[in-house]
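Visitor: I would like to learn how to read a model such as this one, feature by feature. Could you take me through it, giving the general idea and then the case at hand?

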Amino acid sequence: MPDMKVSLTTRDVATLLELEKSGQLKLQPEFQREGVWPKTAKSYFIDSILNGRPIPPIYMQRKTSAQTGRTEFAVIDGQQRIRAIKEFIDDEFPLGELGDYSVAVALKLRGQKFSSLPSEIQQRLWNFDFVVQELSGYSDADIRDIFVRFNK
């Protein structure tokens, strides 16, 4: 049996998106479903980050590529969260009307996209640390089983 290991770490948004851009982070491995969150859910998630609300950890499979020797990651749980922040930073949707505790309402940012936010708010998002559980030494069958268990 391989040496299975779970490591707890953090990764900021800038690092995660750079890993995704370089091909080292797969947001949608074959067992993952398509992006399913509507824009209102994505906006609510961004607002939760800006309000300092706790966010569930992200789970990733960590492997070393036999061809390149580079570390590669596959998202087991957290794809929707990473996608939401990536799409917001790419100006694909604005902050919405989300109730009394909304940062968008409090700071009068409702309807604004990332590129129009004040730089300190943009930096808060770029620097946001996700808690990440990295799983290494697990077989692909184990990873699929973990995914199914998380989504039951």
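Predicted model: local features only at pLDDT ≥ 70, side-chain atom pairs only at ≥ 80, totals over all residues.

Visitor: Which elements have the lowest and the highest mean pLDDT?

Guide: Among the elements of the protein chain, α4 has the lowest mean pLDDT, at 56, whereas helix α1, residues 13-21, has the highest, at 96.

Visitor: How many helices and strands does the protein chain have, and in what order do the elements run?

Guide: The protein chain contains 6 helices and 5 strands, and, read from the N terminus on, these elements follow the order β-α-β-α-β-β-α-α-α-β-α.

Visitor: What do burial, surface and contacts say about the chain as a whole?

Guide: Burial is judged by relative accessible area, with under 20% counting as buried; by that criterion, buried residues account for 41% of the 152 residues in the protein chain. The chain exposes about 8,500 Å², of which carbon and sulfur atoms supply 49%. As for contacts between residues at least 6 apart in sequence, 72% of them join residues at least 24 apart.

Visitor: How should I read the packing of two helices, and at what angle do α2 and α3 pack?

Guide: One looks at the angle and the separation of the axes, then at the residues that make the contact. Helix α2, residues 39-50, packs against α3 at an angle of about 90 degrees, and their axes are 9 Å apart. Since angles of 65 to 115 degrees count as roughly perpendicular, α2 is roughly perpendicular to α3. On the α2 side the contact is made by K42, F45, I46 and I49, and on the α3 side by R81, A84, I85, E87 and F88. By class, the residues of this contact comprise 6 nonpolar, no polar and 3 charged.

Visitor: Where do the axes of α2 and α5 stand relative to each other?

Guide: The axes of α2 and helix α5, residues 119-126, come within 10 Å and cross at roughly 100 degrees, and these two helices are therefore roughly perpendicular to each other. Here I46, I49 and L50 in α2 meet I121, R124 and L125 in α5, a contact with 5 nonpolar, no polar and 1 charged residues.

Visitor: Staying with α2, is S48 buried or exposed?

Guide: S48, which lies in helix α2, is buried, because its relative accessible area is 16% and the cut-off is under 20%. Leaving aside neighbours within four places in sequence, S48 is in contact with R53 and I55.

Visitor: What can backbone angles tell me, and what is the phi of D91?

Guide: Most residues other than glycine have a negative phi. D91 has a positive phi of about 60 degrees although it is not a glycine. D91 is found in the loop between α3 and α4, where it is partly exposed, with a relative accessible area of 23%.

Notes: Residues numbered from 1 in each chain as written. Heavy atoms only, no water. Helix = DSSP H or I, 4+ residues; strand = E, 2+ residues; numbered from the N terminus. Buried < 20%, exposed > 50% of the residue type's maximum accessible area, 1.4 Å probe, protein only. Contact = heavy atoms within 4.5 Å. Areas by Shrake-Rupley, 256 points an atom, 1.4 Å probe, with all protein chains shown as cover. pLDDT = per-residue confidence, 0-100. Axes fitted to C-alpha atoms, helices over the stretch in contact; angles between N-to-C directions. Parallel < 35°, antiparallel > 145°, perpendicular 65-115°, else oblique. Nonpolar A, V, L, I, M, F, W, Y, C, P; charged D, E, K, R; others polar.
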